[in-house]
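Please look through the following model chain by chain, and then at the place where the chains meet.

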Amino acid sequence: MNIKAGFKPLSRLRMAQLVTLDIPEGSYVNLGIGMPTLVGDCLPPEREIILHSENGILGMGPADASRPFDEDLVNASRKPVGLQPGASISDHVVSFAMMRGGHLDYTVLGAFQVAANGDLANWDTGARTNIPSVGGAMDLVAGTKNVFVMMEHATREGESKIVERCTYPLTGAGAVDRIYTDLAIIDVLPRGAGLVVRGMVEGITRGELQELTAAPLKFVVEVAVLKH
Amino acid sequence: MLDKIVATLEESVSGIADGSTILCGGFAGAGIPTALLQALLRQGAKDLVLVSNNAGNGPLGMGELIAAGRVRKLIATYSRSVDPNNPNAKDFADAYVAGKIELECVPQGTLAERLRAAGAGMGPFFTPTAYGTKLAEGKETRVIDGVGYVLEQPLKAEYAFIKAHQADRWGNLNYRYAGRNFSPVMCTAATTTIAQVNEIVPLGGLVPEHVMTPGIFVKRVVLARGATQ
């Protein structure tokens, strides 16, 4: 992406902080692999937010570095984790009932593309050499009440990751509720009603943001200024 | 006297025929029945269909069976290696790229529910997962009350390979932490469930309400203390 003179993109850490502002106390949350794991690092400790991992952990916390690695206590990324007081562990049937059954309040996921109608593509670039591997992504977006995507606004090649129609294989149709990028926070309106910008990085204009976005944008009356 | 404990790993996998379908518990490195998979390698069965969340956890166990050309098909949710620099599923990737193994990619919750349906005596079921995606292609779909669903089939098997923590001679099992994952539902969906366990306790040594897999779902138990992952 061209970095214009008037603005610079938000850092990943700042993006994660912005996501945490929208997750209230008492929420049950599943964080996707990659960039969304930063959200877990940014959650304020005084706010009780319960993290879910698809392998059955509810109440996941940071690993205790003083304990030796325990292969039975890992997250979906195979990384060691810890259990908060009050944590529970269930089997896959129950864990996925939480996901598909609409019991989780929020999920934050990375994405290759999000379309103006909320279609999400985040599991397969469709390359012939790919080994198809969907994991729990499709179940998660089928059921979670609020599906947030956290991603760079554009690919390394400068192509907008927000598109009219996804060209990559879908994870879920009409699945996404809100998009956090390094340039903006954008709501996806229900029933294909389009995209509405709620916040923009300081210094960018509406025209510049639209130019960098391959789908039409609407704007709320008072667009928040996202500071670094 | 009802006693499901068998003395050796060899005995625990005896009688498994070529072409068998085997459900393999485990998620990442948690709850992987490596000792049973290695016993099956020595036992010799081939043309196997394995059902597992991942396509192996490093070179041992499932990776060895795949590298030896003994697995015809894998049904899995995530068969890529999570970390390309430290691949957990290299043997599968090599066999897949070479066209030597078939893969059926299933959404993780759909896999759990297909096993549940088989174990609970249910027929096909509608799930919203994967509706509108390429994983729904070729399957019956229906819109009910405005929600799109995909018709999925029960998934049963001749065998399940399970790693549990403790067992008694009736086959009651419990699991450590996230070592539980798919194992309890796999126990219900197989004709013959074989559990490798860290510890065997006397009958009555497990708190009844803490039993996670009731022994009715388990046929053979074998001690594999300190089994390598």
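Predicted model: local features only at pLDDT ≥ 70, side-chain atom pairs only at ≥ 80, totals over all residues.

Residues are numbered from 1 along each chain as its sequence is written, while chains are lettered from A and ligands numbered from 1 in the order in which they are written. The model scores ipTM 0.96 and pTM 0.96.

Along the principal axes, the C-alpha atoms of chain A fill a box of roughly 50 × 40 × 30 Å. Of the 228 residues in chain A, 44% are buried, where buried means that 20 or more other C-beta atoms, placed from the backbone, lie within 10 Å of the residue's own.

Chain A also contains an open sheet of three strands in the order 7-6-9, with mixed pairing; two strands pair if DSSP finds at least two bridges between them. Strand 7 (120–121) and strand 9 (162–163) of chain A stand at the edges with a single partner strand each, so one side of each is left without a neighbour in the sheet. Strand 6 (residues 113–115) of chain A runs antiparallel to strand 7 of chain A, and two bridges join them, with Leu120(A) in strand 7 as the bridge partner of Val114(A).

In chain B, strand 2 (residues 48–51) and strand 3 (residues 71–76) pair in the parallel sense over four bridges, and Val49(B) stands opposite Lys73(B) in strand 3. Strand 3 of chain B also pairs with strand 4 of chain B in the parallel sense over four bridges, and here Cys105(B) is the bridge partner of Ala76(B). Strand 2, helix 3 (residues 62–67) and strand 3 of chain B make a right-handed β-α-β unit, meaning that, with the strands pointing away from the viewer, the path from the first strand over the helix to the second runs clockwise. Strand 3, helix 4 and strand 4 of chain B likewise make a right-handed β-α-β unit.

Seven of the 10 residues of helix 2 (residues 34–43) of chain B are buried, so this helix is largely enclosed by the rest of the structure. What covers the buried residues of helix 2 includes helix 1 (9–12), helix 3, strand 8 (157–167) and strand 10 (190–200) of chain B. Helix 2 of chain B is followed by Gly44(B), whose phi is positive, near 105°.

Between the chains, 38 residues of chain B are in contact with 31 residues of chain A, contact requiring C-beta atoms, placed from the backbone, within 7 Å. Helix 4 (90–97), strand 4 (102–105), helix 5 (108–119) and helix 6 (183–189) of chain B each supply at least two residues of the side that touches chain A, and the largest share of that side, five residues, comes from helix 5 of chain B.

Key: Contact = placed C-beta atoms within 7 Å. Buried ≥ 20, exposed ≤ 12 C-beta atoms within 10 Å, placed from the backbone.
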